[in-house]
Every structure is written in structure tokens, then in C-alpha cells.
Amino acid sequence: MTDPALPATRDQASRRAEALRKDIDHHNYRYYVHDDPAISDAEYDSLMRELQAIEAHWPDLLTRDSPTQRVGAAPASQFSQVRHALPMLSLDNAFEEQDLLDFDRRIRERLALNGDVDYVGEPKLDGLSVSLRYEDGVLVEAGTRGDGRVGEDITANMRTVRSVPLRLRGERVPRRLDVRGEVVIRKQDFEHLNRQRLGADQKLFANPRNAAAGSLRQLDSRETARRPLTFFTFGVGESSEPLGNSHAGVLDLLAEWGFRVNAEIGRLSGVEACLAYYRELVERRDSLDYEIDGVVFKVDDLEAREALGFTSRAPRWAIAYKLPAREATTRVRAILPSVGRTGVITPVADLHPVEVGGVIVSRATLHNMDELRRKDVRPGDQVMVRRAGDVIPEITGVNLELRPEDSVPWEMPTTCPVCGSEVLRLEDEVDYRCQGGLVCSAQRIGAVLHFASRRALDIDGLGEKIVEQLVERELVKTPADLFSLEHPTVAGLDRMGDKSADNLIAALKQARETTLPRFLYGLGIQHVGEVTAQRLAEHFGDLDPILRASEDELVQVPDVGPVVAQSIAHFFAEPHNRDVIQALRDAGVRWPVVQGRRDEAPLGGKSFVLTGTLETMTRDEAKERIEGLGGKVTGSVSRKTDYVVAGESAGSKLDKARSLEVPVLDEQALIEMLGGQESAS
DNA sequence: TGTCCTCGAGTTCC
DNA sequence: CTCGAGGACA
């Protein structure tokens, strides 16, 4: 694209620059405040380049509020201070409904009101509070909250934020205005930013808030200009002219002046409406495109606010109702090596109990030594804990400043903490493993639990506590021993009554009727999970041919390569394992021979991904029925997926399906595909 | 040899 | 859900 020629005279240039600024500001506003661009990026860039060219040729035409100034300026050596004319106070917090009811009652008492108070409710964004000072409509200074009275001067950085007007829109603007708001990075922008950093081999940000904080603290505002910051205003600190009589009205004015006002902000009449607003927002928390850590309620009437005034720390007319924290800080009491079914030793952080997302967390896995070193977690450290994927706690970072002086890195023990066997890390493997095999009671417990698990033999009532006791008292050494358990032995265990013992014995009896894939899977052969077990069963039809199969024959099975084949062959060559299998058969464990292949089946070869909650069946039932008709169900969506089945509140998989243009079925469509009848059970 | 996909395995709390 | 690693395929 060729840039237009420069204007001939300074006079023309001045008019053209003026017009360009107006134009660019307008497009900025459309794009960054309303997410609604009117022109293409290329057109926008071309306007920008033209203005830059003019300003470069006639430097005296450059103004402070020119959009070209958003690219940032050369680094400062440090931040200077700004003093807030009107302090940026923190807000009182509410943690439960009663706190909010009390807040409302106090207000009605102070105002001597009987009826409902009008409030404005708004999401409390999890970012950084910033104050922007405008003089005659032009941004002159920006400061962080700091301690509330004095903050850091981040004017250069805030100028680069596209949703901050450098000049207020409209004609009637106050001579002096102090706008308050929150700087955040929106979730989608955050993900994009981290992907970029991953590509550039830079350290990833732990969360959007840290990323926003880091971006604002850049001494080089050119760097800040590259970060996707968004400014949402939540009010006015000080104004040289009165701004009407309601907070909602002030927000309308701010929107007119070109600020981004959160779309969720609403007027609420009475405290019950506030509670409903809160509940509704908690519900939708995940679908908002920015992180929030609470909901703020403010008295709408400005005169009433005046009357209520301030305590020493916070305004009496506002309160922040906190959401259950999803990230919390706590101390690592110890790092404990835990031995799993396969002998893999996993370092687990024993945490000082802390509430995260509504539950008390006291343990978090560190996965393996690589991960532990990457995060550099040590016993005694203060760490941040988050619940990833809504359930599993994860340590996201360490506060190095609070690390004890005498702290030392944790080392993997050289002998197994359970059985004392040697611990080795195989070449090219991440994990350290206990070499004890079934000598190690941790591995025996794991093997028995796996054998009894739902997807294997599905033995009801055989939980962790029971298996631990059985193995530790040497009542059970292998899965086969389970079937010779008798009532008195079982009833003698801790936490085992007469009735539960009966149930367990009955469950064992029933579990003997199984299927070959379940049985194979239950054996716990390395690299043989559910799918591979199914493939083996289909290919060989019964157990004996598998026992006899050579590695070369095993490799013929789909999804089985040299590594898996070797693992299977070694397992069955081990005399101990053959003994266990024989003992299981002697105990009456049996399965029907697997009939031919299922390629002809109605859903033969089709792959499905399930997401969200189905109403008429569980995911497992759906999976079983799809597989019963020859389809397969996998966990993640790819281009090879034939259908995605979306239930209630489907998540990221659904988005992915749409982006890959994979057909999406709703539950009804699935049921029809499965033969039109509802699940029989 | 490199690049997808899948699969396996481990994970916390109630 | 997430990670690591095995298998399929170009």
C-alpha cells in the first residue's frame, strides 16, 4: 500500500492532522470501547501512518493527545509519585449474605429510610485500580492506587492503553476531572499474550492480574504498549463541576466521554435485588471475559452518599461482596514422596490448609521432579494455590521474598519411602520409580485398587481404606486373593460392619462375571489402558492367544507398537503374573469370548467427543452405548472427530468443535442416532 | 524425522 | 484436566 503524499503546506498539514486524529480516535473508540470496529486493521494502520508522517515532518504539530503517542516513550529510570487529591480508599468487604444485609440495614438507619435503597451493582474486576486526571478534557496524569494517598506516576504507560481516551469526547467536559477505574487483561487477551510469550521463549504469566500488574510497572512504556490492557471505569474521584445526582448518571456521562463502562453494571432496588445480582454473577463468573473477585454495591443517590460519608478507611456507601477466592496463599509444610500403583514416586506438597474456591485444600501434587524444579517449590515456601479445572489444586507460584533463609531444595529419596527398595530414574523418563515391584505394599495396594476399580472388575465397596488394611495385614497379596476372602475376616476390619462385609462378599461373587477387556485392563499392565485392552480383546478374542502371543504378533494389533508389545510380553512371561491369572480363573473369574469385529456396526468407525452434562444418561452410559454400536468415544476434539455431543453447560470442547467445524449434536440428536429410545436403565 | 493424535496415568475433595 | 509419551502417518 502506498502512503498518501504529504500535504503541501503547513496549514493544510495542520488541518489534515486534526482530521486524522479525530478519525483515528473514533475508530479506536469503536474498537477498544465497544468491540465494534468500523474499518479494517489495514485501513486503520494506513491512517496511523499518514498521521505519523505529518507529525514527523512538522514536529510542532504533534500534540499530547495525538493517537500516535500511544506507542509509548523511551524508558524512565524510575516512577515518580503522584498524590491523589481525593484518596483512593479501599472498600469494606462482605463475605456472606448477612454482611450485605447488615450493610443495607446500617444505611437505612443512617438515612432514616424505611423503603428500599437504590444501589448500583458492578463486578469487581480483578486488576489494578488507577486514577486518571483530565484537565480541559485532556489526559494529563495517571497514577496507581499505591497506599491510597500516594501512588506511582504511570502516565506514560496509561497513554498506551487504547480504551483510555487521551481526550474526552463531546463538548461539555469539566475543567478538571479525576476518573477512577480498573486496568485488566481480558481472558482471551491473556491467553493470546501467553501464547506469544511461549513462542518467544519468555516466562509465562501465572494469571491475568499478574500480567496486568507487570505490564503497568514497565519503565519502558513501549513495552506496555504491546500488552493488551483494557481500562474499565467505575466512577469519578473529583470533578470541578457537579455531575448530577446519581452514580448511574455519572457512569452514563463517563460512557459519553468515551470510557468503557462495564456492561454488567446495573441499577438495583433494595438489598434483595443485590443478593440476586450477586448470585447470578457468581453463576456466570466463568463466562465473563475478565476475572472478577467480587461484586461492588454502591448507593446510587449522590446526596445520600454525601450524608453517609466515610469511616477512616472506607466509604460508608459502598461494599465489596467477595466471591469465593479461587486462588489463595499458603505455606508448604512439607513435600512428601507418594508411591503410586506403577511405582512412580510423585512429590506431593503438604499444605497448611487454606480455602480455595469454597473448599479446604491441604495437598497439591507437584507431578514430578522436572515440574518441581521448574516451579522451584521448597518446604517452608509461601505459595499460591489455584484450583485448576475447577477441582484439582495446583501450585501456581512461589513468593521468593518470603522464602526462609535456611531453605533447601527438596530431593527425591534414593530409597522407596514405603518398602525401602531402590529408586531409579530411567533414561529419558521424567519419573522416578520404586524398583520394588509387588514387594512394595504401596504398589500392591495400587494394583488391587486398580483391579477393583469401576472400569475394571467394578467391585463395589472395596475402597482405599479397606484395601490398605487387607494388604497391610497380608490378607491379600494379589487380586486373586480377594476371591478367597470370607465373611469373618472381612467383618474384622476397621470401619467394616456385618452388613458391609456381606455386601463386599456379594460384590466379589458378582464381579467374577466380567468381560475380557475389563479383565485385561484390570491386570494393570504398563501401557495397557482401557482402549488398548479393548483392541487386544477384539484382535485375539480370548486370553490364551494373548498369553502365547510373541511381540511380533502383538505389534499387529492396532495402537500397539514395539514399546507396548514388549510391556505386554514381559508381563505375561513373568511366572508370578501367570500364577495370579491362573488363580483368578480357578476362583471362577470368567468372560464371554469376544465375537468378531464390529466394523459393520451402525456407528462403525465414527468417533465422538462428549462434553457438558447429559440429562437422560450419564457420560459413561452414553459412552457404553456409543461403543456398543461400534463408535468410539475420545476425550479431546480434533479434526478427526466425527461428532461432538454437547450437553448442558458444555465448555471449551464445544468452542473447539465450532472452530474446527466438527458437527455438534445435542442430546436429542444423540438419542436418535442411538436408536431413538431413551436409556433403558 | 517430525508432527499430529491418542492413550495412559495420576490427581483432590466430598 | 493435564502432562508425557507412544503410535500412526506423511
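**Figure 1. Buried residues of helix α2.** Tyr44, Ser46, Leu47, Met48, Glu50, Leu51, Ile54 and Glu55 are the buried residues of α2; buried means under 20% relative accessible area, exposed over 50% and partly exposed in between, using a 1.4 Å probe and protein chains only. Welcome to a predicted model, in which local features need pLDDT of at least 70, side-chain atom pairs count only at pLDDT 80 or more, and totals for chains, interfaces and linings use all residues, while side-chain values rest on heavy atoms, with hydrogens and water left out. Residues are numbered from 1 along each chain as its sequence is written, and chains are lettered from A and ligands numbered from 1 in the order in which they are written. Helices (H or I, at least four residues) and strands (E, at least two) are DSSP runs numbered from the N terminus. With 17 residues, α2 (residues 41-57) reaches 24 Å from its first C-alpha to its last, close to the 24 Å expected at 1.5 Å a residue; that expected span is 1.5 Å times one less than the number of residues. The buried residues of this helix pack against α1 (10-33). An α-helix has 3.6 residues a turn, so residues three or four places apart point the same way.

Figure 2. Strands β4 (residues 128-135) and β5 pair in the antiparallel sense over 6 bridges; two strands count as paired if DSSP finds at least two bridges between them. To find one of the bridges, look for Arg133, whose partner in β5 is Glu141. The hairpin has 2 residues between its strands, and Asp136 takes a positive phi near 50 degrees there. Strand β5 (residues 138-144) is largely enclosed by the rest of the structure, because 6 of its 7 residues are buried.

**Figure 3. An open parallel sheet.** Here 4 strands line up in the order β20-β19-β21-β22, with parallel pairing. The edges belong to β20 (632-634) and β22 (664-665), each with a single partner strand, so one side of each is left without a neighbour in the sheet. Strand β21 (residues 643-646) runs parallel to β22 and is joined to it by 2 bridges. In one of these pairings, Val644 has Val664 of β22 as its bridge partner.

**Figure 4. Arg403 and its surroundings.** Arg403 sits in the loop between β16 (392-398) and β17 (423-425). Its relative accessible area is 17%, so Arg403 counts as buried. Follow the side chain of Arg403 and you reach the backbone oxygen of Asp376 at 2.8 Å. A polar contact of 2.8 Å also links the side chains of Arg403 and Asp381. A polar contact is a pair of N or O atoms within 3.5 Å; within protein, one must be able to donate a hydrogen and the other to accept it, and residues adjacent in sequence count only if both atoms are side-chain atoms. Leaving aside neighbours within four places in sequence, Arg403 is in contact (heavy atoms within 4.5 Å) with Asp376, Arg378, Asp381 and Val398.

Figure 5. Among the 26 residues around DNA strand B, Thr342, Ile392, Gly529, Thr532 and Arg639 come nearest; a residue is near a molecule or strand if one of its heavy atoms lies within 4 Å of it. Sugar or phosphate supplies 93% of the atoms of DNA strand B within 4 Å of the protein, and bases supply the rest. A polar backbone atom of Ser362 lies 2.8 Å from a phosphate oxygen of DNA strand B. For Arg363, a backbone N or O atom is 3.3 Å from a phosphate oxygen of DNA strand B. The elements giving two or more residues to this surface are β13 (345-356), β14 (359-365), β16 and α17 (530-540). The largest share, 5 residues, comes from β14.

**Figure 6. The surface near DNA strand C.** Of the 13 residues around DNA strand C, those that come nearest are Val430, Asp559, Gly561, Val563 and Val564. Sugar and phosphate make up 100% of the atoms of DNA strand C that come within 4 Å of the protein. A backbone N or O atom of Asp559 is 3.0 Å from a phosphate oxygen of DNA strand C. Helix α20 (residues 562-573) gives the largest share of the surface, 3 residues.
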